[in-house]
Amino acid sequence: MIIRSSTIKNAGVQDFSADVKRKSDYTINFFLIGFFLCGMILATFYDTWLVAVAVGGICLAAYYSTKLLLPTSDLYQYVLGAVFGVFMAQYIYQMHGLFEMHFIAFIGSAMLITYQNWRLQLPLAIVVIVHHALFAWLQYSGVERIYFTQLEYMSLQTFVIHAFLACVIFFICGLWAYQFRAFSRRHIEQSYEIGRLQEEERKKEQLMRAEAEIRELNESLETKVRDRTAQLETVNKELEAFSYSVAHDLRAPLRVINGFSRMVLKMEENKISKVSFENLHIIMKNAAQMGRLIDDLLDFSRLGRAAIEVKQVDMADIVQSVIKDLQNGEQLTIPEIRINELADAKCDPILMRQVWANLISNAVKYSRKKDSPLIEIGTSRRNGMNTYYVKDNGAGFNMEFYDKLFAVFQRLHKVTEYEGTGVGLALVQRIITKHHGKVWADGEIDKGATFYFSLPN
Amino acid sequence: MDKDQVDILLVEDNPYEARLTLMSLEEQNISSNIHHVDDGAEALDFIFAKGNYADRNPENTPRMILLDLNMPKIGGLEVLRRIKADERTKSIPIVILSSSREDSDLVTSYMLGVNSYVVKPVEFDTFTKAISDIGSYWMMLNESTVLFLLAKSKMHKA
């Protein structure tokens, strides 16, 4: 941030310097041409045309060639300083030592301030001093056609005072150039600082606006969440009411159908035909099946609403008690069940019992037609999670229909082959999902199936 | 039927279910004085001798009530609450016969002081078993009739 602002500031100073240079260069063009033309006019006094054209021409050539050849350098400005000195010397010469022509140096000196660089005074001062010393010496040595001054009293003392005063003027002009530059720099830096502060202020305002917007959004989001939750609660209540009426209203007529069929069967046992006897049985069986479907569906939907209570659970204990219940129940013969090591788990014991009961009774059901049915139960560790499995060597299933395996009311076998409602595995999946676990299976027709589930530790 | 001498009051709005229950009770040889009413309002009228039953003697409360939960006008839970709230009737044993397996109904019923809660199963065999349990319960209540019923039952089986 600081680096960036300082580079911006430097760029600003550079821009300003370029601007000063451009404007000064522009003005200088007129002055140089004016100086050259001045030389031409002065040539008319003492017939110094050669000097006016040659020296003035060399000056212009020196200035413009440097400027063209080295456009990025400031060298041409130093050349300009020297050129101003040379023009002064030229005019003095052209006017045969007319003293007032010495002031031309001061015009040049003042002109150079425009570049705001005190060093430019140096070449001018050097040229002036060298010229004065050389020409003064030559003139007083008696060399002909050398014009430095028409004054009679140009002693060394006068010369020193003359040179000193000239240097003072150069110094003052240099000082001014220096001051100008310093002032401009300060001014630019300040305006950039102000700009930066304004930018900061603007950004702060933007940030505050954005924050206010976010706050508003959050508030509206909260309202939305509240509204949605209320809606969901309403829907959930409606669903509960629906389940309740399903339970009552659908089960009652089924009970009546089943009950009266049974009554007829019992009272007319000896009078009805064999076909009617079978038909009545079919009626009763289907009514009972529908009753189971409704009950299972209600269990399934109730589970969706139930909260789970997680505790440390002894899985081996649950599995033993499930198998005991199966043996005591109306199930047919229970095949050999091999129970390997079963790791404890953190889960809801009541729901987990349901999972084991469904998986084990499935294994019993689908393997009972085998000559030597075998069921294996155990735990294995996979990816840091305990994975439980129930494996049987029964009817198995086609992996092509895997998608339907855990879906509600979806079955891969006919009711006449294997009884059931198609809710058991859906229930298992729902319970395991509620525990943030995973359930999957693999199987092959007539080779058996293995059901796995894993629970987070 | 003598309205004053009722042993079992059956409160059930579905006539077929009522008939089924009555037949099952009969099958269990419990055919003592049973009265059937169609809804909760009528049940309360009967018990507290009001409305159509104003001529009944309210002292002669039924000895057991079989109560359905889901009924029009006044539901089973409300009937249960009113009976258990009244000093004269709160000791009558009440068995809820419900189609609902909702836990909330079960909990509410027990909180209101129900004596037994039976979920009516779809399968008739299970249903008759439930009714037979009620029968045993009834026999325990009514020891004086036990011997008679047992004798009758033996005779029937023979």
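Two strands count as paired if DSSP finds at least two bridges between them. Keep that in mind for what follows, and remember that this is a predicted model.

**The sheet in chain A**

| Helix (chain A) | Strands touched (chain A) | Direction |
|---|---|---|
| H8 (residues 315-328) | E2, E4 (374-382), E5 and E7 | about 175° with E2(A) |
| H9 (residues 349-367) | E2, E4, E5 and E7 | about 30° with E5(A) |

What is the order of the strands in this open sheet? Reading across its five strands, you get E2-E4-E5-E7-E6 of chain A, with mixed pairing. Strand E2 (336-339) and strand E6 (438-444) of chain A are at the edges with a single partner strand each, so one side of each has no neighbour in the sheet. From one strand to the next, the twist averages 15°.

**A charged residue in E5(A)**

Now to A:Asp392, which belongs to strand E5 (residues 385-392) of chain A. This residue is buried but makes no salt bridge. Which side chain of opposite charge is nearest to A:Asp392? That would be A:Lys370, and it is 8.2 Å away. What the A:Asp392 side chain does reach is the backbone nitrogen of A:Gly394, at 2.7 Å. Leaving aside residues up to four places away in sequence, A:Asp392 touches several others, among them A:Ala363, A:Ser367, A:Leu374 and A:Lys447.

**A buried glutamine**

Elsewhere in chain A, A:Gln121 is part of helix H5 (residues 121-140). Is A:Gln121 buried or exposed? Its relative accessibility is 4%, so A:Gln121 counts as buried. Not counting residues up to four places away in sequence, the contacts of A:Gln121 include A:Ser109, A:Leu112, A:Phe170 and A:Cys173.

**Over to chain B**

Strand E1 (residues 8-11) of chain B is covered on both faces: B:Ile8 and B:Leu10 are buried on one side, and B:Leu9 and B:Val11 are buried on the other. E1(B) runs parallel to strand E2 (residues 34-37) of chain B, with four bridges joining them, and B:Leu9 stands opposite B:His35 in E2(B). Four bridges also link E1(B) to strand E3 (residues 64-68) of chain B, again in parallel. There, B:Leu10 is opposite B:Leu66 in E3(B).

How values were computed
Residues are numbered from 1 along each chain as its sequence is written. Chains are lettered from A and ligands numbered from 1 in the order in which they are written. This is a predicted model: local features need pLDDT of at least 70, side-chain atom pairs count only at pLDDT 80 or more; totals for chains, interfaces and linings use all residues. Side-chain values use heavy atoms; hydrogens and water are left out. Helices (H or I, at least four residues) and strands (E, at least two) are DSSP runs, numbered from the N terminus. Buried means under 20% relative accessible area, exposed over 50%, partly exposed in between (1.4 Å probe, protein chains only). Contact means heavy atoms within 4.5 Å. Lys and Arg count as positive and Asp and Glu as negative; His and the chain ends are not counted. A salt bridge is a side-chain nitrogen of Lys or Arg within 4 Å of a carboxyl oxygen of Asp or Glu. A polar contact is a pair of N or O atoms within 3.5 Å; within protein, one must be able to donate a hydrogen and the other to accept it, and residues adjacent in sequence count only if both atoms are side-chain atoms. Axes are lines fitted to C-alpha atoms, for helices over the stretch in contact, and angles run from 0 to 180 degrees between N-to-C directions.
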